[in-house]
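Subject: Handover of a structure

Dear colleague,

Please find the structure below.

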Amino acid sequence: MFGQWKLQDFAAGAGLNAGCSEMSYDDTDWADISVPGDVHRTLIAIERIPDPFYDQNESACAWMEDREWWYRLRFEAPDQPLQPGERLQLVFHGVDTFATVWLNGEKLGMTRNMFHPWVFDVTEKLHYGDVNVLALCFDPPMQHIDHDHLPEFSLWGRNPERVFMRKAQFGYGWDWGPRLPTIGLWRPVELRREQLVAITGVHFYTLEINQAENRALVAAHVELERFAATTPLTVHVQLDGVRLVEQTLIVDGDTATAYLVVDEPRLWWTHDLGEPYRYTLTVTVSQNDEVVATESQKVGIRTLELDQSVDTSEPGTRFFRFVLNGVPVFARGADWIPTDSFVGAIPDAHYERQLTAVRDGNMTMLRIWGGGIYEHDIFYDLCDSLGIMVWQDFMFACAMYPEYDPAFVESVWIEAEYQVRRLRNHPCMALWCGNNENQWLHERRMWPNSYEQVPGALYYHQILPEVVAQWDGQIAYWPGSPYGGSDHASMEDGNRHNWEVWHGNGYHRRFGEEPVRENTPESVSYLRYAEDMGRFISEFGMHAAPVRETLARVIPPDQLYHHSPSMDHHNKDNPKNKGDNLMLGVTGLPETLNDYIDFSMIAQAEGLKFGLEHFRRRKPHCSGTLIWQFNDCWPVLSWSVMDYYGFGKASYYYTRRAYAPILASFKALPDGVIELWLTNDSLDPVRDVAQVTLRKFSGAVLREIPVPLDIKSNSSVCVARWSDIDPAEDHYLAVHSEKGTFAANRHFFVMIKDLARQPQPVIFSVQQASAHELHVDVQADQFAYFVHLDVPYLGTTFSDNYFDVEPGATYRVTIRNPEQDLSAEDVTIRYR
C-alpha cells in the first residue's frame, strides 16, 4: 500500500503555494519513487542527475540541497470504520529529515530526526472506504541551521552545519565519502491497526548461566500501552528452541516480567567459538480469551560483559576486554560505515554478501561508526545468525554538538530511547558507545586550555548512559571511542585509536601537551605499530586503491593514472600524498596504474598484517582490534579492506589469515633475535609441531627447525626464539603446521622494496568444477609473491587470494559465483 509514491521538487516554499498538500492537487506528471528508497537513486534512474559516483559528478548534485522535495501518495482506507477499542496508527519508520506531513489536506505534524519513527493517530482522520492522500514536504536541511550559534561550533570538525541535525553526518562529506546528503522516506511506512493494547517493547535478557547444572535463567520483560484496555490482561510468554519453555501472567498494569528456567540451554557464541544459536520468543496478549496483540522475535541466551579489571601483569593498566559466556575473548574485527551513500536503497542481498564476508574473514566484531546510521534490521539479524558481535556507537562523530536547545536535547533522548529498546534483544550486541572521537579531538584541538568537556558531553556522560541503564541495563556503556586515560587514546586504560600510523600522530601524549603530527615516510610507517601497547585498538589502518575493475567503473579512461584529477577526487583524505609516503617506505613509488594498485595494496596489507600480529601477540593485555574500515559507501581510495562493489582488496585476504583463530607469527626484536609466537583464540589446547624453515627465495632450504607445541586454550605465548638467524635480503622465514592446525606464515627481514629477488612466472591451470565454480592450481619454481586472481563479476568469492607460493608448492584456489556462470577465460592471474 505504501511502497510506491510520487516525487517532485520545488523552490523552497513554492510547493505549498502550489497546493501540493491538498487532496485535489494533480501529481500525475510527478516521478515515481519507491519507499523505502532515496531521492538521488530516483533522479539517477530518470536521468535528472548523472551518476554522482562517476568522475567528479558529485558536484552536479549540489543543487538538490537547496530544493524542497515533495512526496505524495493516494491510498484506500479500510471499508468500515474501526470498532470500539481499535485505532489506526500511521507509522513512518524513517523520515530523512525535516518534513511536514499532511493527510487529506490536514497537517499531522513535523519531523526533525531521521533516527526514530514518527507516529500519528489517524483513527478519526481517514476517509474510510475512500481515497486518502498523504503529502510530505522535505525542507532544505540548511534552513534548520542555527546560524547564530554556528561560529562557536566551527572551531574544529568538518562541515559543522551538520551538528544541528539529527541526520546521518557522513552525508555532508568525510575523508572517505562524498557530500551527498540524503533525502526522503528511507524506511517503510505502514498503517498499523491495534486493538485495546499495544506491545511497545519486549526486553529479553539472560540472568544466569549455571554451567554445573546445565541450565539458564532468562527473563522477558513486556512493556504495554493500554490505550483502551481497562480489565486485567493475560500475557503468555513462550521460548521455543530445543524444547518449549513458557509462562502465563495476569497483568493489571502496563508491564510484566516472566522468568524462565531453560534446561540444557544452547548458548549464543561467536562463530569461531561455537554455534550462534537463537531461540524464538513469542509474546501473546489476550483479554477475555481473545488475542489482542502478539510479537515474535529471535533471541539468544548468552552473557556478554566488559571486563575493566586491573591488569596486574602490566602495572598501571586495566583490561578492556569482552567476556562472552564467561570466556574472555580477543575481539577480531573492523569498523563499519554505511555501505552506501544512499542508505534507504540498499538491497538485503548486499548486506548478506558483505556480512558473510565479515564472518569468512574470521572477524568476530563490527563497530558501527557514529557518523553514519543505526543500521537496518537485517544488519543486526545477520550479525545474530552469523555470530558477529556489534559495538554500537550512538550517532555523534568528530564534532561539538549543541546542548542549549531543549528541543534538540529532547530529540536526542527520544532517539536514544528508541534505538536502545529496538536493539537491546539482539544477542550480537556487545557495547553501547557514546560517540566517535569527540572527547579526544576536542582536547587535542583545545590543548592550551585546562581540560574542558566537549560540547555534547551532556549526551555522552549523562543522557545516553541514563537511557541505557533505564531501558537495557545488561549491555555495557562506554562514553566514546577512543576514551580512557590521559589523551583519551591512552595505552593504559580504555580503548584507543592508533593514528600514529598513516596520519603521523605522536605517541605517548598526555592531556595539556601539544599534539604532534608529521607527514613523512618514517612517521606514517606501519612499523610504528610495534610501539603501541594499547588495551583495545578500535581504529587503525591505511589507505589502498580498490581493484582495477572498480576504478574502471568510475574513473574516465583518460584519467586512469595515479594522482589524476578524477583519481584524487576519489581520495577524500588530505594531503593527497599520504599514501605516497607509506609506499615510499614499503614498495617505492609507482610508475603505472597497475603499480599504484598493487603497491598501495601491498603497503596496506603488509601493514595490517604487521599490526594485527603484534596486537594479537599481546593478548590478553590487548584484547581487541577493529580495523578502520571494513567497507566503503562509494567507489573510493580509502582505508577499507573490501571496496564498494564487494571486491576484496589484498588486505581483506591478508587480515583473514592474520585473524585466523590460531595464528603462528614471527616477532623481530631490535637486537636481531627472532621469536615465534603461537596465539590461540580457541577453547581447545593446541598440540602440534611448528615446522620452521629458513629459505632463499630461489628455493634453497638453509635450515629446518621443528618446534613442538603444547599451548593451552585462549592464550598467546612465545614458543621459540633464535639469535643466530641470518637476516639476509634474499632469505625468508616460514612456519607450517604439521597437523594443519594453523595456516602457514612467513617473515621477511627487510621491506618489500629491499628484498633481493626478482618476480618469477607462476604456472596455473583452471578446472571447471561446475557452471558456478572453478578450481585454480598455482605452482612456482621460486618464491612467488602477491599472487592474485581477478574475476570481473560482482559476488565472486575466492577461497584465498593475494598469497605467496613457496618454491615447489602447489596452491589451490576455489572461485565461486552463485549468480554468474564462470569459465577459465574469466580468470586472470598476476604477481609481484
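**Findings**

K578 is buried, with a relative accessible area of 5%; buried means under 20% relative accessible area, exposed over 50%, and partly exposed in between (1.4 Å probe, protein chains only). Please note that this is a predicted model, in which local features need pLDDT of at least 70, side-chain atom pairs count only at pLDDT 80 or more, and totals for chains, interfaces and linings use all residues. Residues are numbered from 1 along each chain as its sequence is written, and side-chain values use heavy atoms, with hydrogens and water left out.

K578 belongs to helix α10 (residues 578–586); helices (H or I, at least four residues) and strands (E, at least two) are DSSP runs, numbered from the N terminus. Not counting residues up to four places away in sequence, K578 touches W502, H503, N519 and D573, where contact means heavy atoms within 4.5 Å. A polar atom of the K578 side chain also lies 3.2 Å from the backbone oxygen of N574.

On a 1 Å grid over the protein atoms alone, a pocket is an open set of points where a 1.4 Å probe fits, with protein on both sides within 12 Å along at least five of seven lines; lining residues have an atom within 4 Å of a point. A volume is the space filled by probe spheres set on the points, which are joined across faces, edges and corners.

The largest pocket has a volume of about 1600 Å³. Its lining comprises 49 residues, and H93, R192, T200, Y418 and R422 lie nearest its centre. Strand β20 (290–299) is among the elements that give two or more residues to this lining, and β20 gives the most, with eight residues.

The second largest pocket holds about 1100 Å³ of space. It is lined by 49 residues, with Y645, G646, F647, G795 and T796 nearest its centre. Helix α11 is one of the elements that give two or more residues to this lining, while α3 gives the most, with seven residues.

Yours sincerely

Key. Polar contact = N/O pair within 3.5 Å; in protein donor to acceptor, adjacent residues only side chain to side chain.
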